[in-house]
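Me: I have a model open and want to go through it piece by piece. Can we start with the pocket?

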Amino acid sequence: MGEKAPVVGAERVLVLLRALAEHGQGATLDELAAVVDGSKPTIHRGLALLCRIGFARRDERGRYSLGDQFLRLAFTYHEQQTDHLRAQPILAALAQQFGETAHYAVLDGRDVVYRGKVDPPDRAVRLTSVIGGRNPAHCTAVGKALLAHRLTGEAQVRAWLAAGDLAARTDATIVAPAAFATVLARANEQGYAVEDEENELGIACLAVPVWWGPGTEPTGAISISAVRYRTPLAALLDRLPEIRAIIDGAP
C-alpha cells in the first residue's frame, strides 16, 4: 500500500469528503482513518464539522456518509450545466437506437469526466461508469476525441506526454508516445476517435466531439460504449453516419 499524503486543515476536510464519496455504503471512523492522514480525534472533528453543515451524516451504526446538503449542492451544480442538458436527449436516442450505453464527457486535466450517461433500456449487461466518474483521457475514445483538438501540434503532444506516463489499463492500451501521437492526428483528421478494449476488457467505443460553445475546442464528446460480443467496433464504424445524424440532428 502507498503512503497516505499528509494533509492539514481545510484540505483534510476536502479529503474526507472525497473519501466519503468513495464509500457509497458509508464508512466508520476507523475505515476513514485508514485512508485519510491524521489522528482519529482530528478526523472526528472534521467529520463533526461536515455533519454540522449537512455535508455528512452519521447513522445509528456509527457509519458516516455524504449528507443531503452536499448532494443537493452537487446536483444543483450538475443540473445547471447546459451542455449536460443538451446532451441528454442525444444520449437517450443513441442508447435506444443502438442498445448500448451512451456517454457525454469533458476533459479535466489528463482525465475525462462523465457528465451524462444513458444505459440501454433492456440490457442485462451494463457498464460500471457513473456520472461524475473519471477515466484517463489517453485510453478512452472520448478522451482521444477531445485531445485530438487540444494537442494540435507535435510540440503540444510532446509536452503533454512529458507531463505523465501513459498508464496501461489493459494490454490493448496505447502507451508508446509515437503511436499515441499518430492516433490523435488520425482522430483530428477523421472527426472521431475509437478505442477497443483499451480502457476496459470487453468494451469497444466510438466518440464524436461536439462544439456547443464559442471556443475553438470541442465542448465535449459523445460516445457509444458497446459490449463487444453484442456490438463490435466494426459495427459501430459501419453506423458512424447514423451516429452523426443523431448528434447533428439535436436542437
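Reply: The lining of the second largest pocket divides into 7 nonpolar, 9 polar and 4 charged residues. Keep in mind that this is a predicted model.

Me: How many residues line the second largest pocket in total, and which lie nearest its centre?

Reply: The lining has 20 residues, and those nearest the centre are Tyr114, Ser129, Asn135, Asn199 and Glu200. The elements that give two or more residues to this lining are β5, α6 (141-150), β7 and β8.

Me: How much space lies in that second largest pocket?

Reply: About 290 Å³.

Me: You listed α6. Is α6 mostly covered or mostly open?

Reply: Mostly covered, with 9 of its 10 residues buried. The buried residues of α6 are Ala141, Val142, Gly143, Lys144, Ala145, Leu146, Leu147, Ala148 and His149.

Me: Now the sheet. What is the strand order?

Reply: The order is β5-β4-β3-β8-β7-β6, an open sheet of 6 strands with antiparallel pairing. The edge strands, each pairing on one side only, are β5 (134-136) and β6. Neighbouring strands of this sheet are turned by 30° against each other on average, with direction ignored.

Me: What holds strands of a sheet together in general?

Reply: Strands pair through backbone hydrogen bonds, either parallel or antiparallel.

Me: Back to this one. How many bridges join β7 to β8?

Reply: 8 bridges join them, and β8 covers residues 220-227. Within that pairing, Ala207 stands opposite Ser223, and Leu206 stands opposite Ile224.

Me: And what about the pairing of β7 with β6?

Reply: β6 and β7 pair in the antiparallel sense over 4 bridges. There, Ala207 in β7 is the bridge partner of Ala193.

Me: Are the residues of β7 buried or exposed?

Reply: Buried, 8 of 8. Both faces are covered: Ile203, Cys205, Ala207 and Pro209 are on one side, and Ala204, Leu206, Val208 and Val210 are on the other.

Me: Which strands does Tyr104 bridge to?

Reply: The bridge partner of Tyr104 in β8 is Ile222, and in β4 the partner is Gly116. Strand β3 (residues 101-108) has 5 bridges to β8 and 7 bridges to β4 (residues 111-118), both pairings being antiparallel. Of the 8 residues of β3, 7 are buried.

Me: How many residues sit between β3 and β4 in their hairpin?

Reply: There are 2, and Gly109 in that turn has a positive phi of about 65°.

Me: Last topic. Which domains does the assignment give?

Reply: The domain assignment gives domain 1 (10-73) and domain 2 (81-249). The C-alpha centres of domain 1 and domain 2 lie 33 Å apart.

Note on methods
Residues are numbered from 1 along each chain as its sequence is written. This is a predicted model: local features need pLDDT of at least 70, side-chain atom pairs count only at pLDDT 80 or more; totals for chains, interfaces and linings use all residues. Side-chain values use heavy atoms; hydrogens and water are left out. Two strands pair if DSSP finds at least two bridges between them. Axes are lines fitted to C-alpha atoms, for helices over the stretch in contact, and angles run from 0 to 180 degrees between N-to-C directions. On a 1 Å grid over the protein atoms alone, a cavity is a set of points where a 1.4 Å probe fits but cannot get out, and a pocket is an open set with protein on both sides within 12 Å along at least five of seven lines; lining residues have an atom within 4 Å of a point. Grid points are joined across faces, edges and corners, and a volume is the space filled by probe spheres set on the points. Ala, Val, Leu, Ile, Met, Phe, Trp, Tyr, Cys and Pro count as nonpolar, Asp, Glu, Lys and Arg as charged, and the others, Gly among them, as polar. Domain bounds come from an automatic or database domain assignment. Buried means under 20% relative accessible area, exposed over 50%, partly exposed in between (1.4 Å probe, protein chains only).
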